[in-house]
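Visitor: Please show me the model, and then take me through a few points of it by question and answer.

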Amino acid sequence: MAVIGRRLDDKAQLGLDFIVGFSIFILGFIFVSMMMSGLLVHLQSKTIDYDAVAYRTSVILVEDPGEPTDWQFLNLQFPENRDSLLRIGLALEKSTPGILNERKLERFFLQSSSPSCSGQDIFCYPGDYRNKVIFGDYPYNFNISLKYLSGSEKVYSVGPVFPEKHGYVKRAIKVRESSILSIPTNTSGTSNVTTVHIDFPLLYQRSVEYRVDPLNDELRINFTNFSEDRTLELLTVCYPACTVPFPDSPTIRFYVNDIEDYLSSPDKVKINANQNLSILIETGYFNRIGLDDFSKVNITSYFSANATDLPTYDYAYSSPNLAIIPPSPAVMEVRIW
Amino acid sequence: MVNEAAQLYTIEGVGAAILMVVTAYLVISSTTIFTPQDTHISDMQLQQLGSDALAMMDIADAYNGKSTLQLAIEGNNSQMFLQSFSRLVNSTTTAYDDGLKFNTMVYYRTDSSGIQPFKLCNNADYFRENAVTATRWVYITPPFDATLPFDNRDQVVLVEVLLWRN
Amino acid sequence: MMAFIISITIFFLALIVNESAIVGKTTSESVLEFPKADIQDLRNELLYLIEKNKINDPDILFDIQSISMSRKGAIVNYAYDGNRLLIHYNDGITEYNEVYIGT
């Protein structure tokens with residue numbers, strides 16, 4: 001007896017046989033697809049990329065001066081400045097990979113995650129970092145930390161605590177330090193007006209790692225160990241037009257035994273016996289008053305009575321009073337996940 | 001093909017499931033899935049670190065001065081090299097010992113016998129660990145330490161550091 | 001029949017996955033292969049030699065060339081004529097040429 005295909009009836013039922021067969025098939029299919037999906041996981045570009053992204057980020061930070069190369073002077077309160085900063089790099093210059101600029105380093109770690117960060121002169125976490133350092137379509141999480149290996153052993157860090165599995169790279173670097181001119185005081189000396197002369201072209205003749213760089217670094221003038229009380233009454237900066245320090249940064253600040261004092265206070269800057277006066281010219285002050293690498297500046301301090309032996313001191317390499325701190329070693333770790 | 005014996009679809013289903021499972025098994029067992037990135041990542045990290053550390057040691061502290069690397073080679077001072085390199089390579093932002101070990105050789109040229117190696121310092125003995133080398137050119141000038149076999153002239157030597165993780 | 005089709009599909013997928021793992025160059029291998037540290041180091045050293053006025057010393061040229069060939073398998077050549085420094089570096093995979101003006 002010939003058996004014809006399916007019997008069409010109007011009962012709308014599937015045979016048990018069919019259902020059992022179909023469900024075995026479906027179960028087998030589900031099982032297999034679970035096995036196969038594991039094959040493709042390793043090809044996901046974001047998870048296998050963490051180490052590569054960490055390496056690239058470290059190269060941008062350590063070996064590149066950034067774009068524009070003097071971005072540390074940009075005021076990020078203005079949106080066009082923030083937009084003109086395309087890449088954040090910490091190196092001094094293109095020719096000095098691995099030697100970092102201290103001011104760029106300090107600015108790099110100043111950030112805030114609040115929504116008002118774009119109106120302030122700091123970076124926005126994490127948006128600015130993702131767009132200007134890490135790059136890529138996928139929003140990576142990151143933790144970048146830096147530690148000085150000598151001296152203060154200060155640690156800087158940006159980013160949250162990292163999980164166990166992350167892309168990691170460690171770089172060894174040096175940071176160019178600032179310089180100090182120490183002027184010995186002699187209260188029975190001959191001058192109460194002391195001028196520090198800074199000849200920029202002479203300073204710029206040295207290679208960049210060892211340079212005293214008035215436009216890119218801070219300068220310090222220390223008057224050490226006054227044996228009697230004195231008052232600093234006035235400070236003028238002449239190039240040759242003369243000006244006085246601004247009230248806001250970047251400007252010239254005065255520290256008596258490391259405590260800040262102001263020329264605007266009623267008794268000016270008062271230095272008692274056995275105290276030191278430190279005059280700090282902040283990074284960016286000379287740029288602010290419009291100087292460049294061909295300028296010559298005279299910084300004149302007017303004391304209440306005789307303070308030093310000589311009326312003029314040079315902030316120059318030939319001066320025996322100039323102490324240049326050697327570049328400090330540091331280590332930087334970049335983690336991406 | 002269907003009758004009341006209720007066998008065909010089931011057999012078809014079972015046959016289909018078996019076919020898929022066997023194929024998947026064969027495929028997975030034959031394809032070696034190694035995450036392509038993992039194999040050389042640690043090498044790259046180590047080599048970059050070693051290069052960095054040598055470059056930093058080659059920066060003199062003062063203008064026209066001699067760098068740590070120059071002084072260590074000219075004076076055959078393995079302690080100076082060891083401490084300086086170890087500090088740069090083993091420090092992390094949270095700890096001081098990352099567990100990296102190294103051997104250092106200096107390759108120099110002599111007029112009489114060509115390129116020769118000279119052992120500068122050993123942090124640990126090397127057996128069979130996965131290691132990378134980092135190199136640096138160093139310019140040295142006489143007078144050299146008496147134990148050094150260099151020719152008595154200004155020359156350029158190659159410092160080769162073999163670096164591995166314990 | 002569905003199972004047959006699916007099996008064929010799985011087979012092709014496996015073929016693709018297998019080949020992609022082998023054919024592509026891994027990022028870390030590319031990084032290891034490119035002699036970034038070597039070139040930066042060589043440049044740095046040559047500029048330092050110019051400062052020390054030793055760039056035209058033939059002994060030093062021979063030092064660098066022979067050590068470079070024997071330890072790194074790379075050909076190095078350089079010349080300085082008072083104004084410009086020419087650098088040539090070839091390690092068989094990467095070739096680097098530079099004319100440096102302005103020392």
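Guide: Helices (H or I, at least four residues) and strands (E, at least two) are DSSP runs, numbered from the N terminus. This is a predicted model, in which local features need pLDDT of at least 70, side-chain atom pairs count only at pLDDT 80 or more, and totals for chains, interfaces and linings use all residues. Residues are numbered from 1 along each chain as its sequence is written, while chains are lettered from A and ligands numbered from 1 in the order in which they are written.

Visitor: How many helices and strands are there in chain C?
Guide: The elements of chain C, read from the N terminus, are α-α-α-α-β-β-β. That gives 4 helices and 3 strands.

Visitor: What percentage of the residues in chain C is buried?
Guide: A residue is buried if 20 or more other C-beta atoms, placed from the backbone, lie within 10 Å of its own, exposed if 12 or fewer, and partly exposed in between. Chain C has 103 residues, and the buried part is 21%.

Visitor: Which element gives the most to the side of chain B that touches chain C?
Guide: Contact here means C-beta atoms, placed from the backbone, within 7 Å. By that rule 30 residues of chain B meet 35 residues of chain C. At least two residues each come from α1 (8-30), α2 (38-57), β1 (100-110), β3 (131-140) and β4 (155-165) of chain B. With 7 residues, the element that gives the most is α2(B).

Visitor: Which residue of β2(B) stands opposite R109(B)?
Guide: Strands pair if DSSP finds at least two bridges between them. β1(B) and β2(B) (residues 114-122) run antiparallel, joined by 8 bridges, and form a hairpin with 3 residues between them. Opposite R109(B) stands I115(B).

Visitor: Is L92(A) buried or exposed?
Guide: L92(A) lies in the loop between α3 (79-84) and β1 (99-101) of chain A. Residues it touches, leaving out those up to four places away in sequence, include P65(A), I99(A), R176(A) and V208(A). Because 26 other C-beta atoms are within 10 Å, L92(A) is buried.

Visitor: What arc do the buried residues of α5(A) cover around the axis?
Guide: In helix α5 (residues 127-134) of chain A, the buried residues are Y129(A), V133(A) and I134(A). The arc is taken from the directions from the helix axis to the C-beta atoms. These residues are on the same side of α5(A), because their arc is only 70 degrees.

Visitor: Which residue just after α5(A) takes a positive phi?
Guide: What covers the buried residues of α5(A) includes α2 (50-63), β3 (123-124) and β4 (142-148) of chain A. Just after the helix, a positive phi of about 55 degrees is taken by F135(A).

Key: Two residues are in contact if their C-beta atoms, placed from the backbone, lie within 7 Å.
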